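Visitor: I should like to go through this model with you, a few elements at a time. Could you take my questions as they come?

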Amino acid sequence: MKRTLSILLSLVLAVSSLGAGTAVFANEQKKTTVEYSVYDGEFTKEPTKIEVTADLSDKYGYSDEGSEPTVLDATIAAHLDMLGSTESFSVSGGWTNSAFGKEAGNFSYRVSGMYSGGLNDKVKNGDFIEYMFYQDTVGWSDSYTYFNTRSEKSFIGDGVTLTLTEEGYDFSYNSFIKPAADANITVNGKTAGKTDENGQITLSFDKSGTYKISAENKIGENPIFAPWCKIKVDGELFEYVQSETKGAATYLLNGVKTFTVDNAVDYLTYLKSGYDMSKFNTAFLASVKANLDANGGKFITPAVAGYKSEMGIYGAVIQILSLLDMNPANFEGYNLVEAFEGLDLTASYNPYYYRAAIEAANETFAKTLCDKYITDFYVSGSGLNYWGFSCDNTAHFLTAIAKYKNDYAQYVDDAKAVIKTYTKENGAFCNAQYTPDVNADSTALAMMAYASIGELGTAFKYYKNLVEGFESNKAGVFCYSDNANANAYATKDALLSLEYFKDEVKSQKFEHPEEVIKTTVTKATAKKNGNITSACVICGKISKKTTIYYPKKITLSTSAYTYSGKAKQPKITVTDSKGNKISSKNYTAKYSKNTKVGTAKVTLTFKGNYSGSLSKTFKINPKSTKLSKVSAGKKSFTAKWSKQSAQTTGYQLQYAANKKFTKSKVTKTVSKNKTTSKKISGLKANKKYYVRIRTYKVVDGKKYYSKWSSAKSVTAKK
C-alpha cells in the first residue's frame, strides 16, 4: 500500500481550482508547439507535433492559471488531434477521471521526461508530453524508460549507439535509476537486438530513411513504459550510386563465366562494385597461382602495343587479396608485395594501369611510381599523352596521383585545368578537343578525377550531367551519347568512376545538394491515361508531372467510298479523352485489303507516349447505275437501266408517289446483275410515279448499296 500510494502521489494529476471559466482574450494570443504521445502497452499514438493555444481550457469549460499554454491546454489539444473531441476527457477535484477513451485510474504523464506538478504547469516550444497508462494495476511496477536522445542523425553503414535508462521502484519501495539492461529494442516495430549490461545497443542501417526506435513492453517480466527515438539516416545519394554500381556490374557480367589474372584490374572494379563475385573467386585465384607458378613467382603477361601490364596486375591482385581477407605477402607461398616493389622500372608500362599500382603501393614506392608516371607520360598544359591527349587520359592520371595530391599539387592543378578544357556548354565532356560530341565515358571519368581528389561539389555537377544525359532506364547502365542504346564501354567507364564517387560520398557523408532529374514515361493505353514524370532519381521528389490522355476517338475523312478497284486510305484524325488532337507521329496506320465492296478497316498502332491499338471501319459500296428510260403502260411502267456487273449482285428499283419518296414507297429487288429492265404492274391509272434505282452487293451475308440514281417520273395509262 505504501508503495502504491507513493507512486500515485507522485503521478497525481493535480489541478488547482479547476472549474468552469470564461475565455480570456489574452489567452487566444498565446500558442506553442509541443509533441505528444499516448502509450497503452503500445503506442496508440506515436509522437506527434501539435499547436497549443492558451485559450483551450476556457473554451472547453475549464480554468487554468495565467495566460501561457499549460499541460491542460496541451491535453485538450491532444484529444482534439487524436479523437476529434474532448468527450473522453474529464477532470474534477484535482484528478483526471478519464483520458483518451479510458478510465484514468492508471493514467500518468511526463513533460519532457520529468514528472509534472499538475495540469497548471506551463509548456513551452519543443516540450514533449508522454501520456502513459500503467499495465500493472496491482503492484504498479511499470518503470519509465528513456533513451539518451529522442532524435539522432546517422549515415548509411554508420553505427548509432543508444543508451537506455530505467527509472522506477524496487521491491523495497526505493526509487532507482539504472541502465536498462536486456531490453528488446525494436526498429520500426521489429526486434533488432538487446541492450547490454550498460543499457547500450548499437544500430546501423544500410538504407536511408527515418527509423522509429522503441522497446518491447517488458524487460524480463517487468512492464515498462516504452521509450521513443527517431533516427534519420542520410545517404540517399550513396544509396542510389551503390545501386548504379551493382546495376552496371550486373549488365556487364551477363554471360561472363570466368576471369583470369590478365583481367585483374577489371576484376578489382567488379569486386568493389558490391556485386557478388564469389562464383568467380576460385577460378580467378587459381589463374593467379598458375601464372606465378609458370613464371618463377612473378607475374608476366603479354605486352600490348609496347606497354607491359604487370604493374597494374600486381596492384590489382594485391588489392583483391586484401579485400578477400588474404595476405598478399604470403599467397600460396609467394610474396607479391616484395615482387611488386622489385619491378623493373626502366620498362614501359600501360599508363592506365598506374592507378591500380599506386593505390596498392606503400607511400615511398607509390611516390616513385608517380614520378615515373609524370616523367613518362605527362605534359604540363596538355595533360597525359597516351596515343595523343584527351580528357579520358588526363582524368586517369589525376585519379592515379590523387592519394598524394598534396605532394603533386602543381600537377593536380594543371590536370584540373586541362580536364575543364574538354567541357561543353551543357556541362558534359568530350574526349578529344577535335571531337565535339559529348559522351558518357568522358563525363564519367572527369567526375572520377574530381571525386578522387575530394572535390565533391564539382564531381556532383558532372555526376548530374552523367545521369541526366546518358543513363538508360536501368540504374548504372549508360548510353555512349544521348541516344537510348545501352553501351558496354560507356557503362564500364561509368562503373569505375561511380566507385570513386561513391567512396568519397561515403567518406564525406555527402548528400545531393540539388535534384538529379530524369524523365520517365508511363504510356497512355487505349483505355487508360499515362503520364510524363520528371523526378529526382535519388530522393524521388517529383518536379513535374504531365498527364497523357488516352486516345479515345478516330475520325475518318470519309466513312463510305464507291468501288473503283483501287485501295482506299481515308485521312485520319485522332483525338484524346480531352478532345485534343494526337499527332500522326504517335501512331502508324495499317489498312486491311479494301479494293472490293465490303467493310474495310484501318488499325492504328500507337507509339511514342502511347501504346496499344485502336481501329475504325469504313464501307466500300458498289458503283451506282442510272435509269435510261421509264415507259408508261396500262396501269404500269417499264424501267430500263444501264448494266452494272462489276462488284454488283443485283439492283433495287424503287417508286413512290412523290419526289421525296415518302408516299406510297415500294421497293422491288432484281437479283441478277445482268438484268437491265423490269415492268411494274398493278398501278393506278393516270397516277404519276417517281422512279429510281440503285445497285447492291452481298458480302458475307450483308448487303452494301450504291447511291440512288436520279429519279424519273412516269404517269401510268388507263
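Visitor: To begin with, which residue stands opposite Ser98 in β5?

Guide: Ser98 stands opposite Glu103 in β5. Strand β4 (residues 95-99) and β5 run antiparallel and are joined by two bridges. Strands here are DSSP runs of E with at least two residues, helices are runs of H or I with at least four residues, and both are numbered from the N terminus. Two strands pair if DSSP finds at least two bridges between them.

Visitor: What is the strand order in the sheet that holds β4?

Guide: The order is β3-β4-β5, an open sheet of three strands with antiparallel pairing. The edge strands, β3 (90-92) and β5 (102-103), each pair on one side only.

Visitor: Before we go on, what kind of model is this?

Guide: This is a predicted model, in which local features need pLDDT of at least 70, side-chain atom pairs count only at pLDDT 80 or more, and totals for chains, interfaces and linings use all residues. Residues are numbered from 1 along each chain as its sequence is written, and side-chain values use heavy atoms, with hydrogens and water left out.

Visitor: What is the mean pLDDT of the protein?

Guide: The mean pLDDT is 92, and 95% of the residues reach 70 or more; pLDDT is the predictor's confidence in each residue, from 0 to 100.

Visitor: Where does pLDDT stay under 50?

Guide: It stays under 50 over residues 1-28, for which the model has 56 contacts beyond four places in sequence. Contact means heavy atoms within 4.5 Å. Where pLDDT is low, the predicted coordinates should not be read in detail.

Visitor: Back to sheets. What is the order of the five strands in the open sheet with mixed pairing?

Guide: The five strands follow the order β2-β1-β8-β6-β7. At the edges stand β2 (43-53) and β7 (114-115), each with a single partner strand, so one side of each is left without a neighbour in the sheet.

Visitor: And do β1 and β8 pair in the parallel or the antiparallel sense?

Guide: Strand β1 (residues 31-39) and strand β8 (residues 128-133) pair in the parallel sense, over five bridges. The bridge partner of Ser37 in β8 is Glu130.

Visitor: Which strands does helix α4 lie across?

Guide: Helix α4 (residues 71-83) lies across β1, β2, β6 (107-111) and β8, and runs at about 120° to β2. Such angles run from 0 to 180 degrees between N-to-C directions, and axes are lines fitted to C-alpha atoms, for helices over the stretch in contact.

Visitor: Now helix packing. At what angle do α12 and α13 pack?

Guide: Helix α12 (residues 391-401) and helix α13 (residues 409-420) pack at about 155°, with their axes 9 Å apart. They are therefore roughly antiparallel to each other; angles over 145 degrees count as roughly antiparallel, under 35 as roughly parallel, 65 to 115 as roughly perpendicular and the rest as oblique.

Visitor: Which residues of α12 meet α13?

Guide: Cys391, Thr394, Ala395, Phe397, Leu398 and Ile401 in α12 meet Tyr411, Val412, Ala415, Lys416, Val418 and Ile419 in α13.

Visitor: What about α14 and α16: at roughly what angle do their axes cross?

Guide: The axes of helix α14 (residues 440-452) and helix α16 (residues 488-508) cross at roughly 20° and come within 8 Å. That makes α14 roughly parallel to α16.

Visitor: Lastly, how many bridges join β10 to β19?

Guide: Five bridges join strand β10 (residues 151-155) to strand β19 (residues 229-234), and the two run parallel. Glu152 has Ile231 as its bridge partner in β19. Strand β16 (residues 209-215) pairs with β19 in the antiparallel sense over five bridges, and Thr210 stands opposite Lys232 in β19.
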